Amino acid sequence: MRFPQILTVLSPQSLRMAVNWPGLVSIGVFYIIVLGTGIWASRKSKREEKKCSGNRSEVAMVGGRNLNIGVSIFTMTATWVGGGYILGSAEMVYDPTKGLVWAVAPLAFSMSLIIGGLFFVKPMRSKNYVTLMDPFQEKYGNKVSAVLFIPALIGDILWIACILGALGGTVSVVMDIHSWLAVIISAAVAVIYTLMGGLYSVAYTDVIQLSFIIVGLWLCVPFILASPSSANFTVAAVTKLYQEPWIGRLELEDAGRWVEDILLLGIGGICYQAFYQRVLSTATDAQAKITCYAAAVFCPILGIPSILIGAVAASTNWNQTSYGSPSPYEEGKAGMILPIALQHLCPFYISLLGIGALAAAVMSSVDSALLSAASQLGRNIFKNIIYRGASEKLILMAGDEVRWCCVGQLEPALAMTTLVRSTCSGSSAQTCCTV
């Protein structure tokens, strides 16, 4: 992408669009609430530091191993129910070449949490590990752990960039707000509250974010179901109306790929530092296991609104809506079907709640990945390899630098580059499709 093209997209002339002020205010209120919660939680973190007999870095990384079980369940669930989960579930159901049978994330995520609770909680907690990298560093040494950290860091960077880009594309669809504005604000808010309070800020903001997800998406569902442009979605599940039945089909030759998708999401999630950050932050093994099992129940439940929205979208005659013809799928916008459905099948002010829920889901993913990368670099790389005599303050500062460099600068730049490319090509929604 040439620099002049970026300047064109960000020029004053390009900013003179019909800004949706109610939408902008609603998103602003949401971010203020999240930031306020993060600041409050950072003060709680400071109080816990004084009471905790452990290191300051452990308070920031695993909450002093004294996180309330209710908060722990909320933050574990919010970590898994992210922007990719919500957008992807709706897309799979709506896509006529896929369907409900291919929306395996709810099943796979539950499987991952149950396996983690059964087999990995007790071994990790018994030795008071702080990060996923600790057992590898203990067994294989610093060189191997340093190499293992590289793909973990790259994965977190690219993942955050993708979901920030998805948020930017989604907000631009519903609110006529420039994509890059949502990316910058989201990144800035996440950096501020994670810098201030570590896991406590992330966990307590996850409570607010998950509440937004539950209320926002579930409130949108009745209005979408009542849309006059949509046929009975239960009939469209098995009957071809406006496209292939949304329940989908699984051919024998595709069975191997279907199983692979489940195993990739299910077993791959066990290797996620954010998972261990939650189970290591509770006071007892029993609480850690309850956290896993409760989140395994809540994840599929919170996927139901996305599935229903995708099903109704597949049952809709888009020519009878304000969207018009051709349909989102025919225009290559299946990946953005959730915000498109919110915009064209819901009253405007109800759609704002849905976008708030999506923004909350993205923020819960961003802060988790951000804290994950910072914790591993600060403890396993900086303290154990680069500077063994590092003080607790230096360890936290190293983690802060990761947060600032990655989320504050690199990841928004990657997300905006993707958005600029799609804007210059005339298809800003393509970002979500690639996610």
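**Helix 16 and its cover**

Helix 16, residues 337–345, is mostly covered, with eight of its nine residues buried. Here buried means under 20% relative accessible area, exposed means over 50%, and partly exposed is what falls in between (1.4 Å probe, protein chains only). The buried set is I337, L338, P339, I340, A341, L342, H344 and L345. Helices are DSSP runs of H or I with at least four residues, and strands are runs of E with at least two, numbered from the N terminus.

Before going further, a word on what you're looking at: this is a predicted model, so local features need pLDDT of at least 70 and side-chain atom pairs count only at pLDDT 80 or more, while totals for chains, interfaces and linings use all residues. Residues are numbered from 1 along each chain as its sequence is written, and side-chain values use heavy atoms, with hydrogens and water left out.

**Cysteines**

Next, the sulfurs. A disulfide is a covalent bond between the sulfur atoms of two cysteines. With the cut-off for a pair of cysteine sulfurs set at within 2.5 Å, the count of disulfides is zero. Take C220: the closest cysteine sulfur, in C346, is 4.7 Å from its own, which is too far for a bond. C220 is buried, at 0% relative accessibility, and C292 also counts as buried, at 0%.

**Salt bridges**

There are eight salt bridges in the structure, each taken as a side-chain nitrogen of Lys or Arg within 4 Å of a carboxyl oxygen of Asp or Glu. One of them joins R379 and D134, at 3.0 Å from N to O. It links distant parts of the chain: R379 belongs to helix 17 (residues 348–386) and D134 to helix 9 (residues 133–140), 245 residues apart. Both ends are tucked away, since R379 is buried at 17% relative accessibility and D134 is buried at 6%.

E58 and R65 make another bridge, with 3.6 Å between N and O. E58 counts as buried at 18%, and so does R65 at 16%. The bridge between E251 and R249, 3.2 Å from N to O, sits in other surroundings: E251 is partly exposed, at 30%, and R249 is exposed, at 63%.

**Aromatic rings**

Now to the rings. A pair of aromatic rings is described by the distance of the centres and the angle of the planes. Rings of Phe, Tyr and Trp (its six-membered ring) pair if their centres lie within 6.5 Å; planes under 30 degrees apart count as stacked, over 60 as edge-to-face, and the rest as tilted. Searching the whole structure this way turns up 12 aromatic pairs. One is W80 with F109, a tilted pair with 5.3 Å centre to centre and 55° between the planes. W80 is in helix 5 (residues 69–80) and F109 in helix 7 (residues 105–119), so this pair ties together parts that are 29 residues apart in sequence. W80 is buried at 8% relative accessibility, and F109 is buried too, at 12%.

Then there's F382 with Y387, an edge-to-face pair: 6.2 Å between centres, 90° between planes. F382 is buried at 17%, whereas Y387 is partly exposed at 41%.

K98 lies over the face of W102, 5.3 Å from the ring centre. K139 puts its charged end over the ring of Y140, at 5.8 Å from the centre.

**The surface**

I214, V215, W218, L219, V297, F298, I301, I304 and L353 make up a nonpolar surface patch of about 710 Å². Helix 11 (179–225) and helix 15 (285–314) are the elements giving two or more residues to this patch. Patch members have over 30% relative accessible area and no salt bridge; like charges are joined within 9 Å, and nonpolar side chains (Val, Leu, Ile, Met, Phe, Trp, Tyr) within 5 Å. The areas come from the Shrake-Rupley method with a 1.4 Å probe, and for residues only the protein chains shown count as cover.

Notes
A charge sits over a ring if NZ of Lys or CZ of Arg is within 6 Å of the ring centre and within 35 degrees of the ring normal.
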